[in-house]
Structure formats: structure tokens, C-alpha cells
Amino acid sequence: MFEQLTTQVTATSPDQLTRAQAHAAVRSLTALRSAIDAFEVRLAQRIDDLADRDGGCDARGSLLADDGRSKTAARRSADRAEALAELPSVAASFGDGRITTEQVDTLARAARAISPDAVEGSDLLASAEDSNVNLTNRAAAEWTERQRSVEEHQRRHARHRRDRNATCRIRDDDGAWTLFLQGDQETGARIDAALDAETDRLWRANGGRDGTPDETRTNAQRRYDAALNLMCGAPVNGTDFTPIRNQVIWGVTDPGEALIADLANPCGRLADPISG
């Protein structure tokens with residue numbers, strides 16, 4: 001099928017080419033190689049279709065049986081054809097000559113690392129059509145890293161949700177009651193924000209801005225009292241939640257990951273601050 005093209009290429013001598021013509025020929029060869037590789041992908045898909053019908057050798061077997069190239073090169077071609085079967089937009093662009101073989105292999109690697117659907121739904125192909133191979137490689141590497149970071153975040157979030165716990169105990173060394181909360185960062189951020197808002201309200205109730213609120217209770221005590229209000233809803237009167245408690249240490253070891261409170265006088269009933 002390609003005998004005439006092969007004869008024409010082998011019979012062409014570069015000896016009489018000018019510099020401009022030689023550079024143009026080099027660039028044309030890249031497009032020619034990509035066009036041949038794209039046709040090979042279509043051939044592989046046809047062979048697979050035939051194999052489904054007649055039970056004969058599939059594309060991978062046919063490519064590996066080709067004695068004209070190494071097994072490594074044959075596997076690379078087979079991998080490319082199989083990857084493009086799940087990347088229709090990339091395959092169409094490749095067939096139309098808008099991207100090169102190297103760019104296709106880069107996008108196929110990204111699909112194997114994350115998923116074909118993720119690559120199809122990204123802007124990687126559009127970027128590849130408007131840039132060279134080096135920029136495509138960089139964009140694909142950065143995209144893959146971002147996607148992996150998202151997946152890792154999702155796995156970590158699910159693990160923290162699964163392992164969430166609230167533990168109450170009496171500390172052995174001094175008998176202080178201790179509350180330990182642990183969960184995912186998103187829920188922890190909500191808890192932290194609620195504590196900050198209630199602590200600020202108590203600070204204002206103690207004369208913040210206009211008075212000396214630290215003479216009433218320290219910020220650590222206010223933070224404990226804020227937590228007590230949020231969990232127990234223990235009002236001093238019908239409108240103002242400002243219980244005064246004894247010495248307390250409230251520390252956030254890692255917002256969203258763990259909240260630890262050492263409470264000298266614990267509330268008798270604790271509500272579950274984490275729903276779901």
C-alpha cells in the first residue's frame with residue numbers, strides 16, 4: 001500500500017536542498033511520521049474489529065508478529081492504539097494531523113496515570129494542538145500532578161471521615177477532664193470558625209474594645225466557654241450565653257485534625273458537634 005511512498009522517500013536525495021528546504025523537510029518528516037503512526041492506529045482498530053468477528057489475531061498480536069521492528073517498538077504501537085481507543089477526541093485530532101505522535105503518547109501517559117475520561121474532559125488536547133511537544137509534556141506533567149493531589153486529598157478526607165472520633169477521659173497526672181476531637185479538615189474548619197465566632201462574641205460581652213475583657217477571663221478561658229456554649233448551650237440567662245468557668249487550657253493542635261481541651265469543670269452533658 002505504501003510502496004510508492006517508500007520508493008519516493010528513498011529515491012529523494014537531500015544533496016541539492018537549500019538550507020531553507022532542508023529545514024522544511026525536517027519539519028515535514030515529523031508530520032509524515034505522525035500521519036503514518038495515525039494510520040497504524042486506524043489499522044490496529046480495523047484488525048481488532050476483524051478479530052472480534054472471525055476470532056483471528058488481534059492488533060497487539062499482529063504488531064508483535066512484525067519482524068521488521070523490535071518487540072519494544074511493537075508494544076509501544078500497540079499501547080498507543082489501545083489508549084486511543086479510549087481517547088476519541090485525541091484520536092480524531094491525531095488522525096487530522098493536529099498533534100504529533102509524541103504528543104499523543106504524552107496524553108496517553110496522562111490517561112494511564114489518571115483516567116481517559118479525565119484527559120478527555122480536560123484542556124490538555126486543546127493546549128497540545130496550540131503548542132509544541134515540550135510544552136505539551138510540561139502541561140501534562142503539571143496536570144497529572146494536580147489530579148493526583150486532588151485524588152490524594154479525596155482519599156485523605158475519606159480516611160479522616162472514617163476515623164473520626166471524640167474521646168473524653170480524666171487525665172492521670174492531675175485529674176483534669178480532657179476532650180479530644182479528630183476528623184476531616186473541612187469539618188474541623190467549620191468547628192474552628194464556630195469557636196472563633198463564639199469566642200469573639202464572648203470577648204465583646206466581656207467589654208471587648210471598650211473595656212478590659214482579659215480581667216474577666218483569659219482568651220483561653222473564653223475559648224473553652226465558647227466550646228461549652230456550642231456543645232451544651234448552657235445559658236446564664238435567656239439571651240446571653242456567657243458562663244464563667246474555672247481555669248482552662250484550650251489548644252488547637254492542627255485545625256481540622258485535632259482539637260484538645262483540658263477542662264477543669266466539664267459540662268455534665270455533651271452534644272455531638274459533628275453530624276453525619
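In helix 5 (residues 88–95), V90, S93 and F94 are buried, where buried means under 20% relative accessible area with a 1.4 Å probe, protein chains only. Seen down the axis of helix 5, these buried residues fall within an arc of 100°, so they line one face of the helix; the arc is that of the directions from the helix axis to the C-beta atoms. Helices here are DSSP runs of H or I with at least four residues, strands are runs of E with at least two, and both are numbered from the N terminus.

This is a predicted model in which local features need pLDDT of at least 70 and side-chain atom pairs count only at pLDDT 80 or more, while totals for chains, interfaces and linings use all residues. Residues are numbered from 1 along each chain as its sequence is written, and side-chain values use heavy atoms, with hydrogens and water left out.

**Around helix 5**
- The cover over the buried residues of helix 5 includes helix 2 (19–54), helix 4 (71–84), helix 6, helix 7 (116–120) and helix 8 (124–129).
- G97 follows helix 5 and has a positive phi, near 80°.

**T101 in helix 6**
- T101 belongs to helix 6 (residues 101–113) and is buried, with a relative accessible area of 10%.
- Leaving out residues up to four places away in sequence, T101 touches R33, S34, D37, R80 and F94, a contact being heavy atoms within 4.5 Å.

**Helix 2 against helix 4**
- The axes of helix 2 and helix 4 come within 9 Å and cross at roughly 70°; axes are lines fitted to C-alpha atoms, for helices over the stretch in contact, and angles run from 0 to 180 degrees between N-to-C directions.
- The two helices are therefore roughly perpendicular to each other, a class that covers 65 to 115 degrees.
- From helix 2, D37, E40, V41 and A44 meet S77, R80, A81 and L84 of helix 4.
- The residues of this contact divide into 4 nonpolar, 1 polar and 3 charged; Ala, Val, Leu, Ile, Met, Phe, Trp, Tyr, Cys and Pro count as nonpolar, Asp, Glu, Lys and Arg as charged, and the others, Gly among them, as polar.

**Strands 1 and 2**
- Strand 1 (residues 165–170) pairs with strand 2 (residues 177–182) in the antiparallel sense over 6 bridges; pairing requires that DSSP finds at least two bridges between the strands.
- N165 has Q182 in strand 2 as its bridge partner.
- The hairpin of these strands has 6 residues between them, and its G175 takes a positive phi near 75°.

**Whole chain**
- The protein chain has 11 helices and 4 strands.
- Of its 276 residues, 31% are buried.

Methods
Buried means under 20% relative accessible area, exposed over 50%, partly exposed in between (1.4 Å probe, protein chains only). Angles under 35 degrees count as roughly parallel, over 145 as roughly antiparallel, 65 to 115 as roughly perpendicular and the rest as oblique.
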